Amino acid sequence: MGTDIAGGVESRPDGPGSPWLLADISLDVLPRHYDAFGLLFGVRNYAGFGPVAPGRGLPNDASPELLGLQLADSEHGHTWVSWTELAHIDWSAQAPRVDDRIHEYRLTSEGPRFVGKAGHHGHAWRTVAGEHADSKGSSYPEGTEWRAGDRMWRAERLTHGDVLRADPELRALLNTMRDLAERHGGDNVRLVVWFDS
């Protein structure tokens, strides 16, 4: 079972001390993207990012409308992040360690084509890596490779920018938050989230 994100964007159009208002921005379009969850909030952080805003809980001054979005007892990982903090992310920075998931590529005449990444690989990877090989990518030095037929598996380290490149919906959300921050100020716009798994 996977982990899904819920929550909303709040703003304070009248500045500090005024009530937060829930913006008309749905998080329903955000995919289940564990690299984004890990980088921003430390949830399902397989890539080993130093998270921006982990485990802060719900803000004490959250809007009633935002609180009304909570539906299930299984929700967890409540936290929030301001636009000011998001605006200071260095998108060129690397994760401090190798990704736990081994990255898989298909070898083509045009070069390797990314297939995906997973914590557990099937028979083909086990055949080349060995039956007792550790399927956790961070167990190996960065750049370790295994090849079999037209497949290649690598232990790799992600950058913060890899998160944005893989997630156009997150880019769109951040652009919308930036627009709100230009009107209200970076400390008056925040993303409040929780997770359901």
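## Sorting residues by class

Ala, Val, Leu, Ile, Met, Phe, Trp, Tyr, Cys and Pro count here as nonpolar, Asp, Glu, Lys and Arg as charged, and the others, Gly among them, as polar. By that sorting, the second largest pocket is lined by six charged, four nonpolar and two polar residues.

This is a predicted model, where local features need pLDDT of at least 70, side-chain atom pairs count only at pLDDT 80 or more, and totals for chains, interfaces and linings use all residues. Residues are numbered from 1 along each chain as its sequence is written, and side-chain values use heavy atoms, with hydrogens and water left out.

## The second largest pocket

A pocket is an open set of points on a 1 Å grid over the protein atoms alone, where a 1.4 Å probe fits, with protein on both sides within 12 Å along at least five of seven lines; lining residues have an atom within 4 Å of a point.

Helices (H or I, at least four residues) and strands (E, at least two) are DSSP runs, numbered from the N terminus.

## Meet His33

His33 is one of the residues lining that pocket. You'll find His33 in the loop between strand 2 (21–22) and helix 1 (34–41).

Leaving aside residues up to four places away in sequence, His33 touches Val163, Ala166 and Asp167, with contact meaning heavy atoms within 4.5 Å.
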